[in-house]
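Me: I'd like to go through this model with you, one question at a time. Shall we start with the aromatic rings?

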Amino acid sequence: MRTRFLRLGCFAVAGWACAILLAPSAVAKEKQQPAPQWALDAAKTPTPANIGDASAVILFDEYFIAVDDQNHAIERERYAVRILKPQGRRYSTCEAEYDTDEKLEYFHSWTIAAGGRQFQALDTDFKDEGAYEDQDLQATERFRILNPPAADPGAVVACETQAHLRPYMNFEDWEIQAPIPIVEEALELALPPGGHYADSWSRYSQVKPVETTDNHLRWEIKDMPGLDLENVHGTPPWKRWRHVCA
């Protein structure tokens, strides 16, 4: 089964500012901060009864993209997953891609244990590596990868990233299905006055967005089943699973 996704093209044509999306100061990263409200709310989400033998379940996965009048965009992702079995730890390994043109502003993560205790990821829980293993390939893409603390069965791992997207890219692929079930996922798009977009859906019925404010649209999908890959034969993935199937 191939991934279902939405391709969204964004084109800005008038003035607007993205000041509301400024990242927290670098000093805040060094201090232990409590989990934000969105992560606490996600952790309260009950595990659905119809997920079968899944080793983990994505409770919440939200993208927010704000575009300015120069067609520059900032993207924030909030992701929360509950680990159900030891094998489910693989889905708690968050990562963010960046390069010379795609600047990573911040990457935060918290683990909320089954008993409610919180653990915030420290600098030592992150590592950076090249996107490709070919030593002859010249590339600037890199990944920042997190192995979250206390990622045990019953725990919820919540990750939040924010990045400036490549200025010459004006589309986004929202991949809406993963190897594990997803309780709630969303994509929000904030365009400047006069901005417009086009969307194209693949192997999934079109979802109409809700316009929350002027030129601010939100697509939502709930209770997405996991991909059934048991009898699918194919080549090894050329990217990490979250970039192929998330």
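Reply: Happy to! This is a predicted model, and in it ring pairs join W174, W201 and Y204 into a cluster.

Me: How many aromatic pairs does the structure hold?

Reply: One of the pairs is W38 with F60, with 6.1 Å centre to centre. W38 sits in helix α2 and F60 in strand β2, 22 residues apart. The structure's count of aromatic pairs is five.

Me: Is the pair of F107 and F126 edge-to-face or stacked?

Reply: The pair links strand β5, which holds F107, to strand β7, which holds F126. Planes over 60 degrees apart count as edge-to-face. The planes of F107 and F126 stand at 75 degrees, with the centres 4.9 Å apart, so this pair is edge-to-face.

Me: Is F126 buried or exposed?

Reply: Buried means under 20% relative accessible area. F126 has 15% relative accessibility, so it counts as buried.

Me: Which residue in β8 stands opposite F126?

Reply: F126 belongs to β7 (126-130), an edge strand that pairs on one side only. Five bridges join β7 to β8 (residues 142-146), and the two run antiparallel. The residue opposite F126 is L146.

Me: What is the order of the strands in the open sheet?

Reply: The edge strands are β4 (95-98) and β7. Three strands form the sheet with antiparallel pairing, in the order β4-β8-β7.

Me: Which residue's backbone nitrogen does the side chain of D68 reach?

Reply: D68 lies in the loop between β2 and β3, and at 16% relative accessibility it counts as buried. Its side chain comes to 2.9 Å from the backbone nitrogen of Q70.

Notes:
Residues numbered from 1 in each chain as written. Predicted model: local features only at pLDDT ≥ 70, side-chain atom pairs only at ≥ 80, totals over all residues. Heavy atoms only, no water. Pairing = 2+ DSSP bridges. Helix = DSSP H or I, 4+ residues; strand = E, 2+ residues; numbered from the N terminus. Buried < 20%, exposed > 50% of the residue type's maximum accessible area, 1.4 Å probe, protein only. Polar contact = N/O pair within 3.5 Å; in protein donor to acceptor, adjacent residues only side chain to side chain. Phe/Tyr/Trp six-rings, centres within 6.5 Å; stacked < 30°, edge-to-face > 60°.
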